[in-house]
Amino acid sequence: MTATIRPAIAAARSASEVRHDEPVPLAGRRLAVTLAAEDRAEVEHGLSPHERITCRLHRRWAHECIASPQHVIPVTGHRWCDECRTAVTVAVDEWRGRVALACPRCHRTPATRATEQIIRTCQASLRAAHRAPADAGRAVPRPAPSAA
């Protein structure tokens, strides 16, 4: 006798197996347009990958995947506590528009430019994701002019 899984149970299992750090099909036009604009800005205008409000790797808004282990960069200090030599956790409160980082060992927020940058770009990502469609074109950050 073979066991069958009821559809509701199968759906629950597949939903629990979804990984939130992998690319997903683009959820909306605003995200797709912003991703394409930032991809171009990186190549054509030198936009820093760290200043993007979208994630080139995961094809999501930055605030949706910043907690992925793939966004820990010890060399630059992004999501990293130098004192404890460990990855920093990130909490994004989409309702209040807040982003908080804390080391799981010492419970402090690293006082670094990388931490400030993560908070700034995630907050911009949150605003862009929830902006009215008419304002979507203003969501793409522009690179700073070079001091040449």
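Predicted model: local features only at pLDDT ≥ 70, side-chain atom pairs only at ≥ 80, totals over all residues.
Local features require pLDDT of at least 70 and side-chain atom pairs pLDDT 80 or more, whereas totals for chains, interfaces and linings use all residues. Numbering starts from 1 along each chain as its sequence is written, and side-chain values use heavy atoms, with hydrogens and water left out.

The largest pocket has a volume of about 350 Å³. A pocket here is an open set of points on a 1 Å grid over the protein atoms alone, where a 1.4 Å probe fits, with protein on both sides within 12 Å along at least five of seven lines; lining residues have an atom within 4 Å of a point. The lining comprises 17 residues, and Pro49, His50, Cys55, Ile66 and His71 lie nearest the centre. Strand E1 (54-55), helix H3 (62-65) and H4 each give two or more residues. H4 supplies the largest share, 3 residues.

Gln117 lies in helix H4 (residues 113-129). Helices are DSSP runs (H or I) of at least four residues, strands (E) of at least two. Gln117 is buried at 7% relative accessible area; buried means under 20% with a 1.4 Å probe, protein chains only. Beyond four places in sequence, Gln117 touches His50, Glu51 and His78 (heavy atoms within 4.5 Å). Thr34, in helix H2 (residues 29-45), is also buried, at 1%.

Strands E5 (residues 89-93) and E6 (residues 98-102) run antiparallel, joined by 5 bridges; pairing requires at least two DSSP bridges. Ala91 has Ala100 as its bridge partner in E6. The two strands form a hairpin with 4 residues between them, and Gly97 in the turn has a positive phi of about 75 degrees.

Conventions
Buried < 20%, exposed > 50% of the residue type's maximum accessible area, 1.4 Å probe, protein only. Points joined across faces, edges and corners; volume = space filled by probe spheres on them.
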